[in-house]
Amino acid sequence: MSEAGYEVFWKETIRQIRLNLTEQEFSAWFGTMEYLRSEENRIIATVPSSFYRDQVKTRYQNLIENTLKELTGKDLLVEFEIRPRNKNKTASDVPNENIKKAESHEKETIPGDRREKAAPKPKGPHPQLREDYTFDRYVIGENNNFAATAAMAISRNPGTAYNPFLIYGGVGLGKTHLMQAIGNHIHENSSSKIIYTTAENFTNEFIQSLNEKGITAFKNRYRQVDVLLIDDIHFLENKSGTQEELFFTYEALYNAKKQIVFTCDRPVSELKKLSDRLRSRFERGLKVDLLPPNYETRFAILKKKVSTGNVNISDTVIDLISKNISSNIRDLEAALIKLIAFTNMVNQPVTIEQAQHLLRDMFVAPRQANMSIELIQKVVAEYFSLSANDLKSKKRTQNIVFPRQLAMYISREITEFSTTEIGQVFGGRDHTTVMYSCDKINEKMRTDPTMEPTIEKLKRLIKEAGIKV
Ligand code: ADP
Ligand code: MG
């Protein structure tokens with residue numbers, strides 16, 4: 001096993017654990033933990049003191065080992081070595097108050113583990129933001145061009161235009177990355193106070209503050225920031241108390257011209273049980289939509305990840321992944337991680353056949369071509385109260401012809417399939433029929449103002465149906 005042995009698995013494990021902890025908890029315990037090396041069936045990580053070691057072992061060892069097992073299929077042991085950390089490392093190096101107190105009671109303190117408060121530190125990373133979620137690493141394609149441009153404009157002049165900024169779109173399409181890139185840019189270039197949190201975390205903190213009578217502290221904390229980033233606001237559905245609190249936070253910040261950014265997994269108009277006044281506030285500024293990336297963008301994203309990670313994955317393999325995984329960027333990354341892990345283990349580049357084999361479960365079978373067009377047919381047919389078979393049939397009544405043309409048009413727009421492949425799934429029609437249908441719809445779009453909203457609505461329904469599958 002090489003030095004790098006299980007490092008990718010380790011990183012992925014930590015990433016997954018992070019998703020399930022509050023930022024505070026994560027940075028307290030994992031902010032100072034570092035991967036050190038791999039041995040036979042064992043990973044060694046460093047922590048800054050024996051206090052940390054004991055805490056981390058009781059709190060997280062099982063979780064880490066179980067996650068590793070899921071990823072590798074092996075029973076790996078995790079051990080911790082104590083390495084007092086250098087000063088001026090990172091901001092998350094400083095544990096929260098409780099930990100500091102507990103640590104000061106510890107008998108077995110390690111020289112060098114004490115931090116000198118007075119020494120001015122160079123500005124470290126923001127404790128709640130991922131350092132790698134920057135604009136630099138955000139590949140721009142036609143799916144996210146507008147969103148990314150707006151985000152960059154906001155990060156240069158927060159609070160002035162586009163307030164609030166709302167980013168919405170399906171899972172794994174880059175909402176969190178873009179939001180945090182705004183935060184990172186502002187953090188680097190100013191002394192603005194920034195809070196990043198998820199709507200879930202905001203809710204939990206709010207509830208906790210009520211129990212502990214810490215509501216004033218909670219309000220002060222959120223109402224005194226310059227930039228507030230709240231991720232995944234769909235979590236607030238049905239939570240009227242938290243909605244109200246967020247409404248007042250919003251008003252305070254908005255009136256003080258502070259930048260607010262939200263993300264949501266669907267258009268706000270589709271959120272249920274959301275107070276009208278909050279809904280109107282969410283919709284007041286600029287809304288941008290993230291769509292799934294096309295082939296070229298998928299390729300560019302993978303290529304960028306490969307070159308920044310300095311790993312040896314060939315363009316043919318990148319092409320293979322880009323062609324076969326089109327759902328979202330998180331899935332693309334998962335495929336890449338698997339191949340990198342393999343490359344590290346065997347210590348040589350992965351061949352196209354190996355990649356095909358390793359990723360077979362992640363790749364949609366060739367019949368997926370049918371499946372995604374069939375999904376489009378199903379949604380469009382339902383929308384017109386027809387059956388999918390009507391769309392594939394030879395029937396030529398106007399109430400069927402138009403929906404059929406629409407379904408072909410949308411298939412052409414949102415999938416990568418050729419007109420020949422699309423024609424196949426529409427009852428074995430010729431590719432010229434598909435082209436003719438697309439022309440027809442284009443023509444209608446020029447004259448009929450209701451066409452575009454209808455198509456947008458259908459695309460949205462299709463995307464949602466796709467996510468649920
Ligand atoms: P969401 O919040 O929409 O579910 P994330 O922001 O978590 O999605 O993105 C999922 C993963 O894909 C992250 O690791 C992110 O860095 C990566 N990613 C998303 N969009 C891009 C992009 N345009 N360029 C590079 N990486 C991206
Ligand atoms: Mg997210």
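In this predicted model, ligand 1 is surrounded by 18 residues, and the closest of them are Val139, Gly172, Thr176, His177 and Glu333. By residue type, the shell around ligand 1 comprises 7 nonpolar, 6 polar and 5 charged residues.

Several polar atoms of the protein approach the ligand. Glutamate 333, already named among the closest residues, places a polar side-chain atom 2.7 Å from an oxygen atom of ligand 1. The backbone takes part as well: a polar backbone atom of glycine 174 lies 3.1 Å from an oxygen atom of the ligand. A nitrogen atom of ligand 1, in turn, is 3.3 Å from an N or O atom in the side chain of asparagine 144. Taken on its own, ligand 1 has 560 Å² of accessible area, and the protein covers 95% of this.

Which helices contribute two or more residues to the shell around ligand 1? They are helix H6 (175-189), helix H11 (295-308) and helix H13 (329-346). The position of the ligand can also be described in terms of domains. Residues of the shell come from both domain 2 (145-290) and domain 3 (295-358), and ligand 1 therefore lies between these two domains.

The description now turns to the sheets. Strands of a sheet are joined by backbone hydrogen bonds, in either a parallel or an antiparallel manner. One open sheet contains 5 strands in the order E5-E6-E7-E4-E8, and its pairing is parallel. Strand E5 (194-198) and strand E8 (286-289) form the edges; each has a single partner strand, so one side of each remains without a neighbour in the sheet. On average, and with direction ignored, neighbouring strands of this sheet are turned by 15 degrees against each other.

Another open sheet has 3 strands, ordered E1-E2-E3, and here the pairing is mixed. Its edges are strand E1 (34-39) and strand E3 (77-82); because each has a single partner strand, one side of each is left without a neighbour in the sheet. Neighbouring strands of this sheet are turned by 30 degrees against each other on average, direction again ignored. Strand E2 (residues 42-47) pairs with E3 in the parallel sense over 6 bridges. Arginine 42 is found opposite leucine 77 of E3.

Definitions and conventions
Residues are numbered from 1 along each chain as its sequence is written. Chains are lettered from A and ligands numbered from 1 in the order in which they are written. This is a predicted model: local features need pLDDT of at least 70, side-chain atom pairs count only at pLDDT 80 or more; totals for chains, interfaces and linings use all residues. Side-chain values use heavy atoms; hydrogens and water are left out. A residue is near a molecule or strand if one of its heavy atoms lies within 4 Å of it. A polar contact is a pair of N or O atoms within 3.5 Å; within protein, one must be able to donate a hydrogen and the other to accept it, and residues adjacent in sequence count only if both atoms are side-chain atoms. Accessible areas come from the Shrake-Rupley method with a 1.4 Å probe; for residues, only the protein chains shown count as cover. Helices (H or I, at least four residues) and strands (E, at least two) are DSSP runs, numbered from the N terminus. Ala, Val, Leu, Ile, Met, Phe, Trp, Tyr, Cys and Pro count as nonpolar, Asp, Glu, Lys and Arg as charged, and the others, Gly among them, as polar. Domain bounds come from an automatic or database domain assignment. Two strands pair if DSSP finds at least two bridges between them. Axes are lines fitted to C-alpha atoms, for helices over the stretch in contact, and angles run from 0 to 180 degrees between N-to-C directions.
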